[in-house]
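Below is what I looked up, in the order I looked.

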Amino acid sequence: MGYYLPLTNPVLETVDVNVTLSGLHILKDVSIGVPRGSVTGLIGPNGAGKTTVFNVMSGFLRPDSGEVRVEGRRLRHIAPQRLTRLGIARTLQGVGLFPSLTALENVMLGATVRVRSGIVADALALPWTDARQRQLRDQARAVMEEFAVLDVADRRPGELPYPIQKRVALARALVSDPRILLLDEPAGGISAGDMADLGGLIKSWAPDRTVLLVEHHMELVMDVCDFIWVLDAGSVIAAGTPEQVRSDPAVLAAYLGEEAH
Ligand SMILES: Nc1ncnc2c1ncn2[C@@H]1O[C@H](COP(=O)(O)OP(=O)(O)OP(=O)(O)O)[C@@H](O)[C@H]1O
Ligand SMILES: [Mg+2]
């Protein structure tokens with residue numbers, strides 16, 4: 001059994017999840033719960049397994065053992081096409097926009113299909129009827145306006161500054177109106193001012209949306225999170241409020257180890 005901490009009313013959970021990749025034991029009995037309506041953080045040094053947890057929670061990766069629970073329902077594995085219907089959306093570490101599609105088309109895709117890599121959708125002939133396309137376009141434009149990126153709707157990601165690409169990627173995650181949002185390093189590569197805006201935005205989503213946030217910027221994590229899980233080398237080593245985690249000796253040791261590399 002790994003580190004286990006029962007939480008009331010988790011909306012999304014991994015239970016004793018193990019993942020092996022290329023013969024390496026990447027996740028070891030990982031049980032992580034995300035309380036409904038919370039902003040929950042998932043932190044840990046580089047290579048700890050945070051993105052792998054997201055990949056399991058969003059059906060990109062099937063665990064060797066253990067399960068994912070959404071609203072208490074046990075799913076050995078989340079079928080990726082069910083993700084939007086389950087009310088779950090995620091952003092990818094980095095940006096992950098499709099380079100040959102416009103910003104608007106990228107956001108429209110967020111309402112319909114799983115967004116996995118830049119390669120798949122480039123080859124997609126988008127099978128939308130005119131009416132559905134109009135509806136999706138209106139939906140996407142409304143969200144883009146909210147994120148102040150409507151003016152770049154017809155541009156391709158490569159033409160846009162990195163922080164703008166990140167906002168387009170957030171708009172793509174939000175367009176399906178998800179109840180659960182998994183954000184993988186949303187503050188990577190953005191300015192301090194943009195980070196403060198992002199913090200405000202994340203706080204405004206809860207409690208209507210539940211957010212699980214992977215982030216290396218500790219000031220952002222400590223500011224927005226109600227609860228934090230800490231992973232190190234594939235195992236959960238600590239969990240608690242920002243105050244508890246900040247002063248936890250195991251957490252300090254894990255981060256000190258990272259700095260020593
Ligand atoms: N396909 C793969 N095959 C083998 N090892 C992998 C594979 N994908 C990831 N890993 C390894 O699994 C471990 C966890 O990776 P993961 O990307 O989940 O870490 P992370 O916590 O998100 O790190 P970061 O903070 O750098 O994004 C790392 O050691 C990584 O090298
Ligand atoms: Mg990662």
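Before counting anything, I noted what counts: helices are DSSP runs of H or I with at least four residues, and strands are runs of E with at least two, numbered from the N terminus. I also kept in mind that this is a predicted model.

**Entry: the chain.** With that rule I find nine helices and 10 strands in the chain. How much of the chain is buried? I get 51% of the 261 residues, taking buried as under 20% relative accessible area. I then checked the surface: the chain exposes about 11,700 Å², and carbon and sulfur atoms supply 52% of it. For contacts with a separation of 6 or more, I see that 66% link residues 24 or more positions apart.

**Entry: around ligand 1.** Which residues are the closest to ligand 1? I count 13 residues around the ligand, and the closest are Gly 47, Lys 50, Thr 52, Gln 93 and His 216. Sorting the shell by type, I have eight polar residues, three nonpolar and two charged. Helix H1, residues 50–57, gives the largest share of that shell, with three residues.

Entry: I looked at its oxygen atoms next. One lies 2.8 Å from an N or O atom in the side chain of Thr 51. For the side chain of Gln 93, I also read 2.8 Å between an N or O atom and an oxygen atom of the ligand. Last, I looked up the cover: ligand 1 taken alone exposes 640 Å², and the protein buries 63% of that.

How values were computed:
Residues numbered from 1 in each chain as written. Chains lettered and ligands numbered in written order. Predicted model: local features only at pLDDT ≥ 70, side-chain atom pairs only at ≥ 80, totals over all residues. Heavy atoms only, no water. Near = heavy atom within 4 Å. Polar contact = N/O pair within 3.5 Å; in protein donor to acceptor, adjacent residues only side chain to side chain. Areas by Shrake-Rupley, 256 points an atom, 1.4 Å probe, with all protein chains shown as cover. Nonpolar A, V, L, I, M, F, W, Y, C, P; charged D, E, K, R; others polar. Buried < 20%, exposed > 50% of the residue type's maximum accessible area, 1.4 Å probe, protein only. Contact = heavy atoms within 4.5 Å.
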